[in-house]
Amino acid sequence: MRQLCRKECVVTLVAFLLVTVMTHIFPLYFLFPELTQMTLFGFPANYMLAILLSWIVMLPAYYLYIVISESIDREIARTSLAEAEEAEEAAAAVAAGGLAPAHGGD
Amino acid sequence: MTLATLLAALLLPASAAAAEYRFEPTSMLSTLGIIYTVVMVTLFLYVGWISKRRLSTSDDFYAAGRKVGGLSNGLAMTSNYMSLATFLGFTALLWKLQYLLMAIVFSFLGGFIMISIAVAPSLRRWGKFTSMQFIGERFGHTAKIISVLCMILLAMLYLVGQMKGIGNVFQVMFHIDYTTGLVIGGLVVTTYVTVGGMYGLSYNQTVQAVIMTIAIMLPTAFILWNIGAGIGSVFPPFGYGDLIPEMTAALPTYFDPFSTVNGTVPFSFKFHTAILFSIAFGTIGLPHIAMRYFTASSVRDAKNSTLWAIFFIGLVFFTTFAIGFAAKLYTLNQLNARGLEIAAREADLLVVVMAQAFSPTWVAALPIAGALAAGMSTVGGLLMVIGTGIGHDIYSTLVPRASDRSKMTMGFVFTAVGGLVTIVLSLNPPDFLLTSVIWAFVVASSTFTPVLILGIWWKGANRYGAIAGMLVGGVLSIALWWTKGSLFGLQLVNLGPLGYLGTALFSASAAWFTVVVVSFATGGERNEAILRSVDRIHGWQTTSPDRYSGRVFPLAVATVALAIMVWSALPDVTPSGFQAAAVAPPTRLAAVPE
């Protein structure tokens, strides 16, 4: 259960950071200024790379995020349902246990 | 019509005005623009009217019954997201600022996707209508009231700019007096949102997105074709590769990420980071953007809507890059070469200027309709936020036992009042309000965003932290704008070419830091019901103290925020090797508004 929660947090954090990088790639050009001298499909590489990452690559990447996050959501729903049932059974057992001495007392 | 004739048609009025280019729409363009607008407005009102039949509960009025499908919601998100500024202003700013504007647009798109990852799924599970309601239930009534007040400020900042733009389009394109245009446009959108509620707004925004996409792509394809972009013109976002050498020869710094304003102003690493803090993080906090997620039928549908929206937003954004590129190339090679300059007023209309010059009139009139649709869709979304914020959030706080019917009636009333007040404010708006959209991003980034994200992902965030964070962020947003980045004699932010946008680097970081530190200092959140609800918005049916309560996340946030505040106050470094362009082409636009 704790693992699942951690998995959800990690997936969200990684997705958030990836989106941040893919849509804010410009600081990268300060590290690799040679990118501004290259071309990609006839456009300056730094410009085309930004469009490709923030749009064309983003679409399948976001779809992948949907698939992964949905599977985690389903797992959470399944796990917490099982937990809820367990808790209910435990409560019922406690209730039954609590009643026994009373009955016994009769 | 040949290219030469088209150029002559464009230049003719300019020649008469000596060195300053003056745009005059032809009478045919104005007439067709009016016809398109009348048809479009009639359609919007009709859609609003038929949507009225579907309103029976407050859920219908405020969230369209949470039944809007993936594609439809994606289109509605697209038009809600893109305003009049996107449609007309981006081209003008690209013309002036080049890569800086591109960086802002990429960040704008990034913020939209970030909402859908970090905030929207949980808010959708919460099952309310606005982010202010979430803040209210998570952090209490005081936080809710502060957030609603922030929302009203944000919405008004945004709305006045949009309304003013709508009035200007009527004035310039149709030669209709500004006030009349403003009142017509304002009343139309207020009517269909008030009458049709979120249903009317959603269906209209879907239609508006289609209109906007066609209205920008078709004229751009004609323009690119006519200025020699070749076969690539059929897909404008990538259709101008053949013209790149021509642009590089005319303006070598057009694609340079290290400078702006025709290569005359250096643009540092810190400014790029400030864009992330203001634009992307600001978008996360904008209530009218988050609101569309509440209308989705499920969390999965909300994510699918985002996928569609990324596609359509990219299509329109990158087409505006193409038209901006064409406009810049045209002004450099044709207008500037003849000693002509474009004045600021004309730069805002570059899309229409280029369309009139390079496409048939029936196509050239499309951007007028598209611009009005863009303005109206954003105004509609913001009016809905105001109606919900006051008519539902505040009303239900004041009258906790209010019936569903009365909550819906209040929604009608306050949406209409919000529209009318905005029209009145826009009749003669103060100057600072016209550059206020930028301010709205900084305020949103410094108030809503930290509280929303920490409220969802950290159980320890409590009401004291949230209130202190929103107050610190809100006050700093105003103070740093007023003092141009300094406080108590210390220059906390170097505004540079970003202007006021740059202040978010400090104000937003301060808000994040405050929420964490004050929450820790006041013992975190102890209310069991709230802790349970945090589990619930992540999909858990049970509660556990182990979930979302670690210290690593808040401590990392506080440490990074503190480091960024210090970094913000340090002197900036000019990019190495930067040399200002020797001769900048003549421009007459103002720099980024502060």
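The model is predicted, so local features need pLDDT of at least 70 and side-chain atom pairs count only at pLDDT 80 or more, while totals for chains, interfaces and linings use all residues. Residues are numbered from 1 along each chain as its sequence is written, chains are lettered from A and ligands numbered from 1 in the order in which they are written, and side-chain values use heavy atoms, with hydrogens and water left out.

The interface comes first. In chain A, 46 residues are in contact with 53 residues of chain B. Contact means heavy atoms within 4.5 Å. About 4,500 Å² is buried between chain A and chain B. Carbon and sulfur atoms give 75% of this area. Buried area is the accessible area (1.4 Å probe) that two parts lose on being put together, summed over both. Between the two chains, 13 residue pairs are in polar contact, with both residues at pLDDT 80 or more. A polar contact is a pair of N or O atoms within 3.5 Å; within protein, one must be able to donate a hydrogen and the other to accept it, and residues adjacent in sequence count only if both atoms are side-chain atoms.

Five elements of chain A each supply at least two residues of the side that touches chain B: α1 (2–23), α2 (26–31), β2 (43–44), α3 (45–56) and α4 (58–105). Helices (H or I, at least four residues) and strands (E, at least two) are DSSP runs, numbered from the N terminus. The largest share of this side of chain A, 16 residues, comes from α4(A). By class, the side of chain A that touches chain B has 30 nonpolar, eleven polar and five charged residues. Here Ala, Val, Leu, Ile, Met, Phe, Trp, Tyr, Cys and Pro count as nonpolar, Asp, Glu, Lys and Arg as charged, and the others, Gly among them, as polar.

α3(A) is mostly covered, with nine of its twelve residues buried. Buried means under 20% relative accessible area, exposed over 50%, and partly exposed in between (1.4 Å probe, protein chains only). Among the buried residues of α3(A) are A:Tyr47, A:Met48, A:Ile51, A:Leu52 and A:Trp55. A:Leu64 lies in helix α4 of chain A. At 52% relative accessibility, A:Leu64 counts as exposed. A:Leu64 and A:Ala15 are 49 residues apart in sequence, yet 9.9 Å apart in space, C-alpha to C-alpha.

Salt bridges were then counted. A salt bridge is a side-chain nitrogen of Lys or Arg within 4 Å of a carboxyl oxygen of Asp or Glu. Three salt bridges are found across the interface of chain A and chain B. A:Glu70 forms one with B:Lys303, the closest N and O atoms being 3.3 Å apart. A:Glu70 lies in helix α4 of chain A and B:Lys303 in helix α14 of chain B, so the pair joins two chains. Both A:Glu70 and B:Lys303 are buried. A:Asp73 also forms a salt bridge with B:Lys303, with the closest N and O atoms 3.5 Å apart. A:Asp73 is buried as well. A:Glu70, A:Asp73, B:Arg125 and B:Lys303 are linked in a network of salt bridges.

Another salt bridge lies within chain B. B:Lys459 pairs with B:Asp535, the closest N and O atoms being 3.0 Å apart. B:Lys459 lies in the loop between α21 (436–457) and α22 (463–482) and B:Asp535 in helix α24 (residues 528–536), so the pair ties together parts that are 76 residues apart in sequence. B:Lys459 is buried, with a relative accessible area of 4%. B:Asp535 is buried too, at 0%.

B:Arg124 is found in helix α7 (residues 120–126) of chain B. At 11% relative accessibility, B:Arg124 counts as buried. Beyond its neighbours within four places in sequence, B:Arg124 is in contact with residues including B:Arg66, B:Tyr293 and B:Phe294.

The nonpolar cores complete the picture. A nonpolar core is a set of buried Ala, Val, Leu, Ile, Met, Phe, Trp, Tyr and Cys residues joined through side-chain atoms within 4.5 Å. The largest has 222 residues, of which B:Tyr240, B:Phe317 and B:Phe321 touch the most other members. Helix α14 (residues 299–335) of chain B gives the largest share of this core, 19 residues. Apart from this core lies another, of ten residues, among them B:Leu476, B:Val493, B:Leu495 and B:Ala510.
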